[in-house]
Amino acid sequence: TTGEVGFNWESRHWLDLAAFEHEVKHVLALPPESLGPSQASSLQNALGLYTGDLLEGFYDDWALRQRERVRTIYLDSLSRLMGYHQSRGAHEESVAAAQKILACDPLREEIHRELMRLYLKTGQRALAARQFKICRDALADELGTPPLEETQALYHQIIQDADEPHGGLDGAPVPAPLPQALTTLRQAMQEFDSARSQLQRAIHLVERLTESS
């Protein structure tokens, strides 16, 4: 009579969300550098359980919060898998993971940059340049802002090195301190981009809640 629905958790059941979270939880708790083939395989299998946004079509505040929470876990899992494949030189698998991230969240500028670098490593300079334009258009449409200076600098280097197939971005030796500095900078920019993406999603969430109230 109250319109409530109950569920018996002691019954024999299988829930895709519970299985997904169970599989990825222990993998995401590990340091990225300790990820091995078995953990990567478990992560890949778990990602197959995520076939779309949780409870799509429901816009109650609790559903929106849970949807965003699970979505974040999905994106973090893909990022971890992308990093694993990069460390093993499996560029095609890294590209596939990056594309899935951007299909879900096209505002992840750090992923656009990683995808540009991955295309360069596989000799696909034209795709690297095109990825910058995809990134630029997405940011302009959704946020009304241009890409960060780091992203623009990477694009300009791609263009400038077009006639130098063995330029720095394609793997030529660089001064010893530079790789470490670049790694630190990239990590900082990834954290900044991630925070900006989360802020934008929070703004959209507030707008939806405002419209529904």
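1. The protein has 8 helices and 0 strands, where helices (H or I, at least four residues) and strands (E, at least two) are DSSP runs numbered from the N terminus. This is a predicted model, in which local features need pLDDT of at least 70, side-chain atom pairs count only at pLDDT 80 or more, and totals for chains, interfaces and linings use all residues. Residues are numbered from 1 along each chain as its sequence is written, and side-chain values use heavy atoms, with hydrogens and water left out.

2. On to burial and surface. Of the 213 residues, 34% are buried; buried means under 20% relative accessible area, exposed over 50%, and partly exposed in between (1.4 Å probe, protein chains only). The protein exposes about 13,100 Å², and carbon and sulfur atoms supply 55% of that area (Shrake-Rupley method, 1.4 Å probe; for residues, only the protein chains shown count as cover).

3. Now the contacts (heavy atoms within 4.5 Å). Among those between residues at least 6 apart in sequence, 63% join residues at least 24 apart.

4. Of its 36 residues, Phe20, Tyr74, Met116 and Ile158 touch the most other members. Helix 3 gives the most to this core, with 8 residues. Leaving aside residues up to four places away in sequence, Phe20 touches Ala46, Leu47, Leu49, Tyr50, Val70, Ile73 and Tyr74.

5. The structure holds 4 aromatic pairs. Rings of Phe, Tyr and Trp (its six-membered ring) pair if their centres lie within 6.5 Å; planes under 30 degrees apart count as stacked, over 60 as edge-to-face and the rest as tilted. Phe7 and Trp9 form an edge-to-face pair, 5.1 Å centre to centre with 75 degrees between the planes. The rings of Phe132 and Tyr155 have centres 4.1 Å apart and planes at 15 degrees, so this pair is stacked. Phe132 in helix 6 and Tyr155 in helix 7 are 23 residues apart, and their pair links distant parts of the chain. Ring pairs also link Phe20, Tyr50 and Tyr74 into a cluster.

6. Are Phe132 and Tyr155 buried or exposed? Phe132 is buried, with a relative accessible area of 6%, and Tyr155 counts as buried at 16%. As for the other pair, Phe7 is partly exposed at 49%, while Trp9 is exposed at 57%. Phe7 lies in the segment before helix 1 (16-28).

Methods: Core = buried A, V, L, I, M, F, W, Y, C linked by side-chain atoms within 4.5 Å.
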